[in-house]
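Let's walk through this assembly together, moving from one contact to another and then into the chains themselves. Keep the viewer open as you read.

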Amino acid sequence: MKKKKMLLSAETMDISFVRKVEALSGTSVRRCFQCGKCSAGCPMATFMEHPPNRVVRLLQLGQWQRILAGRSIWYCASCETCSTRCPNKVHLASIMDALRKLSWDAEGPSKESYVQLANKLFLQNIRTYGRQYEMRLAAVFNVKSGQFLKDLMLGPKLITKGKLKMFHQKNKNMTEIEKIFSRIEEMRKNGEAL
Amino acid sequence: MTQLIDTSIYTAVTEAIQGEARRILSEGSVSAVVGYAAARRKGSAQPVVITQADDSGKLIFSAACVNNLAVYLTKAKKDIPKNGKIGIVVKGCDLKALVGLMGESQLKREELYLIGVPCAGVLASTILPDTALTSGTIASKCRECGERLPQGCDYTPTVTPPITPVLEKKYAAEIARLEAMTPAERWAYWKEQFKKCIKCYACRQVCPFCFCEQCLCDRNKPQMVETTPRPAGNFAWHIVRAMHLAGRCAGCAECERVCPMDIPLNLLNRKMAKELKELYNHEAGFEVREKGPLAMYDEKDDQSFIK
Amino acid sequence: MHTEKEKHTFEPKIIAFVCTWCTYAGADLAGTSRMQYPANVRVLKFPCTGRIDPVFILKAFQQGADGVLVSGCHPGDCHYIAGNFHARRRFAAFRKLLEFVGVDLGRLQFSWVSAAEGGKWVEMVTGLTEQVRGMGPMQEFKELALEEQWSGSIDTPELQEAYDQI
Amino acid sequence: MTPKNALRYAYYPGCSLHASAGEYDLSTRELFKKLNIGLTEVPDWFCCGATPAHNVDELLSLSLCAKNLELAEQVEGDLAVACAACFSRLKTTQHILSESEFKRQQVEKAIDAPVPLNGNVKHLLDILARDLGLKRLGQAVTKPLSGLKVACYYGCLLTRPTDVPNLDCVEAPTIMEDVLQAVGAETVAWSHRLECCGANFTLSRPGVVVQLSHAILDSAKAAGADCIMVACPLCHGNLDIRQKEIEGVYGTHYAMPVFYITQLVGLAAGLKADKLGLDALIVNPMPLLKEKQLI
Amino acid sequence: MSRIGVFVCHCGENISRTVDVERVAAEVGKLPGVAFSTDYKYMCSDPGQGLLKKAIREERLSHVVVAACSPRMHEKTFRKAVESAGLNPFLCEMANIREHCSWVHEDRDEATVKAIEIVGMMVERVKKNRVLPTITVPVTKRSLVIGGGIAGIQAALDIADAGHEVVLVEREPSIGGHMAQLSETFPTLDCSQCIMTPKMVDVANHPRIKLYTYAEIEHVEGYIGNFQVTVRRKARSVIEEKCTGCGVCMEKCPVRKIPNTFDRDLGMRPAIYVPFPQAVPNTPVIDRENCTKFKTGKCGVCQKVCGPGAVDYEQEDRLIVEPVGAIVVATGFDLYSIEEKPKGSSIKGYGEFGHGRIPDVIDGMTFERLASASGPTGGKIMRPSDGREPKQIVFIQCVGSRAREKGISYCSKICCMYTAKHTMLYHHKVHDGQAYVFFMDARTPGKSYDEFWRRSIEEEEAVYIRGMVSRLYQKGDKIVVMGSDISVGVQVEIEADMVVLATAVQPRKGADTLAQKLGISYDKYHFYSEAHAKLRPVECATAGIYLAGACQGPKDIPDTVSQASAAAAKVMTLFARDQLEREPIVARVRETGCVGCFYCKKVCPYGAVEEKEIRDRQGNLVKVVAYVNPGVCGGCGTCQATCPSKSVELDGYTDEQIVAMIESL
């Protein structure tokens, strides 16, 4: 995909996707003039197949399939360095959020499953418990990702230090949380929200 | 349901106005005070100019004090002394007119002594002056008033205006009703309204902003607007009037009050005010501005209507 | 290349108020390029759109115009620095007023046509002419002009009663 | 009995402080008690959504934060936040919702309540450095941290992006250094105080964390720091809990204790080790503290 | 009753092919007021004009309408013809029946009807035309030039050489401006001082140039041809007329360690100083803030050693009024400073580059001083921190420029070229060094410019990296540059010895204040606005004021010099006549109707409207009305459209004329 020739035409440049990204992120994509300052400062750039500036470039060309197929967006640490230093007020961190959201909605065509899995579990935890319980999060993650032994050595030490609690309380506000989740789902179903 | 509106502060306001007028006149810091005095009919009030401290007792404030006194400082100023500072009693709505006039170099702040009036509202023009002020008898402009306590005056009695009930905004509602019509329906509506006009020019006479010495509509070389009270001329007059007041009129509604034919003149002015607020975020009368919205521009102004 | 000219039952009268530096010159260019457009338009030249008083538009309608075109320099191109910016605000407000009293804004067109845009001038004139032709004559002001009725028409029972008593 | 003009805050600890960062919670409560600053925990607060939520679902993230802001309204005082991530999310939510009318309406629909946009959200640092003030902070010191060379680590979320948290200058903040200098410590100038530690990849991609945190530890060491100070449980997790792992991968030796700000300030204010949860730190700080005669 | 003559032109066949010109002449002849109408093959030809003149005389015509081509084509021709026949030229109008009629319609009948209406409309209009006398304004043939950089120097020399007196005002103690600070100039690598100083000397020696250095504009009054400018000559503490420029005072001054701003603080100067050895005038100035005499009252060494007795501690600022007819504004630019910006400033700083606190991160102008043979290091490139020669040097372009986040969206135009020049200068001086340049785009339009840039890469071995730098930080004695190469798509890290930032060109601080004094407009950055971006690039909209150089926008030296000469030419055009004649299409106020709301003044783009007091015979103020200065009025008519009572009228486009036209339709 990465090396495939780009055939540009009004049909292959999906501008409606770009509009969606702009609406979600509240920032202009076209404004970027490819100075590369985002990529220069990105702590994660070395892990990405498309450095941040190229993600924006592909977006400008409406080539979202190329972006979503890769792992770059899932390797963004949301450190906001790019947004802070962009000379052009392009809020790249928000664009990354929007892209992940759209990728997420498209059932994550990306190969990067670990980060997505962690995110999914994190959100499930909120919906179920109201708060994060790291022990559970880590345990379930390891089971689901098939890395049963990951960070095995850290566990017991953390438990003795009181850092991973074995038991946890449910939040009293659970119904309220469930309502927020379901209202958002409802709004999306009615097309009131992206 | 008719709700009674609390006007109990007016007694205290009247006393305060009298006291302040007496003080500034006897001190000689002003040469005259423009205010309201009781008129012949029971409960009614009329504008008055007093120049003697002893006359201060004449001054009143009540729900019948409908007039916008700003007009007595500009074109109806024949009883106003030529020299010295002038004191004037102002409601919030009147103050907005004064502020506009200052922006248009017609008045100087330093030549005025403003006695602000905390106001609970005044009576509609169709109501007898000794009627109680209620949600049914209050003037339409007071229904949407947000300036019951004028700001920035030299003196304001220390009474708080009572909390007035939230009333339905008649102008806003009427504008919305008209906007929902087709152009033909709106034309028919205004045609009927303007047909009534007898070109008495009371609206022009009473308006603080119609301060031109020679009105464009009175000129005959060229005749821009037909002067006879025929429908065509009436239409033109009211359009020109509304256009000239756009961005300036702050809604004292005196034009509508004095119209003998009950043409809803302030409706046009409110519509223009609404548009200028939407287009340029301009509201008349809140601060002395060197330039009104139609005397300035922004390079980024909306031009979606221009091809 | 001579196409049979369509005959119309209604030929609208279009009055164009244009600035001399941009749109008038643009119309000249349409001429020197021999572009063709409907003959319904009459052009009034102003130094600048800033000079165009809203009353003129009113006057044009009263005088029987079926459509009015106001055109000047693009923003930033004004020969007089800022006349068109002032005009833009003035007309933004005025068209709202006309709309509110019931004038169909389909009859009133504003445009920026530069000295280089002969084609755009043709497009504007043709477009407005066709649009107004579709809308039919501007009856409102014409009817108004014909009405001689004195304003104090006796149209309420109270007035009728008062009149009868005289 | 607290005097009438005493500082009082609503307190949002965040999930980590009730779990892996219990020592941060403990030291915060103890320090504030010592400094006579009132803290009332927001009742029934819930997770702000942290990075995972805004990463994939901005509306959800905004709604969760907005709900927490609404809950915080029940408690008198500005909202004090300890965790840098929660702080960033709450501030960002306020910023986005006050900029976008459309998003605000959506969020208000989702939480079925108006969003309080004007409430002050403050990080502990802000409270110590500005509300309490460096002068009063200095007066509370009983045991100055003299001789302790600290590398203040801001990480990503305390200051970035421009105009959102508005805690300090985005590129050259000094607030941590100011606080530490006020309690007598020495701060070192180092290059990586604003670099990212890898934060939320700790679960999914620990390799990333190891690489990034290594650069930070290296830089602190090169600058001659005895220890690192943080104000974020995630940064702490990566620099402290994974330090051994990093040493293993890169064959280096740091033994660089990583303190929470409240632990160091608490120490200076005379709090005992057990009240600061120093024993919960993975890299044992005791040898260092003993060497500097701080304990 | 008017006697109007209508002349319908065939324009060969251009008009008569589609318009029945005879019918037009006949129909129009029936209109009331038309005394004569005819048609002719070519109205603009000599016989055509003859016909027109003859008719005016014989038919005693009062007004003329020529129905022919566009007035943009021949209005001047016919008005001149009418004038030579004894009528006021403004009593002649043209009806455009060619461009607006015969050329755009095919149907002969339709076109003819339209032509009749067009001519009829102009007949109604011309009836309302009034006699307009030509307006003349006297011209003071002296010019003021503000700013003594290369732009001001060039303009002043050109105007003075043309024989007119020039007053040149410079804020600093010496003329020369930024160009005097440069080492060598692109694209020829001429030594800047070698080409600049002779011009400075020419200014000093020119009999028609009056030079005020260490002076500022206090106040400007008047209008084109007739300005009164008040100049504040700041107290120099040295009497220029007495000083011989021997320099003994500077040698003996005990205060020696004041950073010299001319050398970007790299060198030191005494408290009594000239900014650089070639300064013009070569008269020192006392820096009162740092002088011991002014600080403590003691010292006075310079006065004691001064042979001619030129040092005067008591000197005060002096105000001088200069009458001039034209003003050239050549105030130049400031460079974006890399220091931290004050909080809330619209122009933001570069924290990621260390806010200028890393000593070996310098800006381009500092590099110029380092590279300059007459600079503080004698032309040796060395690090400010330790004096070592940098072996790895990184240049970063677009610092401040093209960064809306920082508050500057524009391209500074000169940085691509001067950075290329810097890499060359560096390579010439440090043969074993390596230069890297981080850039976004290389913008090198200009004669021999792209070749120059390519040379820096191909021959001078500079490594250009397309991409920006995220952050700079000190690591030991190196500066770590964290950048990216977007062509390759990877991050780049360089451990540099020195970093040079190509900082943006900004308007002068206080440019807005000067603009307000002059009554000229400026853009949102505070660059001065020209009257027309394309057609009047050196004139201000305010008549009689001209722009030269970077005060109008970023410019390199060739462009600056061209514009300065262009501005000078404009001044000479103005001075070529004793009286200024202008088309009398100007607004006039009817004082009886004016109520002094000054809406006209608020909308006037030219600032032509003044306030005028009307007093009765006793001298009591009756009212304040508007007055339009005909010398300044541009003739747009915005005032009239805005005036509520129509008490201001634009001659040539009065309401009467326009309404007559509308009513004719």
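In this predicted model, chain A and chain D meet through 49 residues of chain A and 48 residues of chain D. On the chain A side, the helices that each bring at least two residues are helix 5 (81–85), helix 6 (92–105), helix 7 (113–129), helix 8 (134–145), helix 9 (154–160) and helix 10 (174–189). Which of them gives the largest share? That is helix 7 of chain A, with eight residues. If you colour this side of chain A by residue class, you will find 25 nonpolar, 11 polar and 13 charged residues. Six pairs of chains touch in the model, and the pair formed by chains A and D has the most contacts among them.

Now turn to chain E, which also touches chain A. Here 18 residues of chain E face 18 residues of chain A. Two strands of chain E, strand 24 (469–475) and strand 25 (478–485), each supply at least two residues to the chain E side.

Chain B and chain D do not touch, and 16 Å lies between their nearest C-alpha atoms. Chain C and chain D do not touch either; for this pair the nearest C-alpha atoms are 26 Å apart.

Let's look inside chain D next. Its assignment gives domain 1 (8–123) and domain 2 (141–291), and the centres of these two domains, taken over C-alpha atoms, are 23 Å apart. Where they meet, 25 residues of domain 1 are in contact with 26 residues of domain 2. On the domain 1 side, two or more residues come from each of helix 1 (22–34), helix 2 (50–56) and helix 4 (84–99) of chain D. Helix 1 of chain D gives the most to this side, with nine residues. The domain 1 side as a whole holds 11 nonpolar, 10 polar and four charged residues.

What about the interior? In soluble globular proteins, nonpolar side chains tend to be buried together. The largest nonpolar core in this model has 382 residues, and E:Ala67 and E:Val119 have the most contacts inside it. To see the surroundings of E:Ala67, set aside its neighbours within four places in sequence: the residues it then contacts are E:Val6, E:Phe7, E:Val8, E:Cys9, E:Val24, E:Ala95, E:Ile97 and E:Val119. Apart from this core lies another, of 157 residues, and its members include A:Tyr75, A:Ile180, D:Leu124 and D:Met176.

Finally, consider chain C on its own. You can count six helices and four strands in chain C, and along the sequence they run in the pattern β-α-β-α-β-α-β-α-α-α. How does the radius of gyration of chain C compare with that of a compact globule of 166 residues? Such a globule would have a value near 15 Å, whereas chain C has 20 Å. The C-alpha trace of chain C spans about 70 × 45 × 20 Å along its principal axes. Of its 166 residues, 58% count as buried. Among the contacts in chain C with a separation of 6 or more, 82% join residues 24 or more positions apart.

Technical notes:
Residues are numbered from 1 along each chain as its sequence is written. Chains are lettered from A and ligands numbered from 1 in the order in which they are written. This is a predicted model: local features need pLDDT of at least 70, side-chain atom pairs count only at pLDDT 80 or more; totals for chains, interfaces and linings use all residues. The radius of gyration is taken over C-alpha atoms; the globule rule is 2.2 Å times the number of residues to the power 0.38. A residue is buried if 20 or more other C-beta atoms lie within 10 Å of its own, exposed if 12 or fewer, and partly exposed in between; C-beta atoms are placed from the backbone. Two residues are in contact if their C-beta atoms, placed from the backbone, lie within 7 Å. A nonpolar core is a set of buried Ala, Val, Leu, Ile, Met, Phe, Trp, Tyr and Cys residues joined through C-beta atoms within 7 Å. Ala, Val, Leu, Ile, Met, Phe, Trp, Tyr, Cys and Pro count as nonpolar, Asp, Glu, Lys and Arg as charged, and the others, Gly among them, as polar. Domain bounds come from an automatic or database domain assignment.
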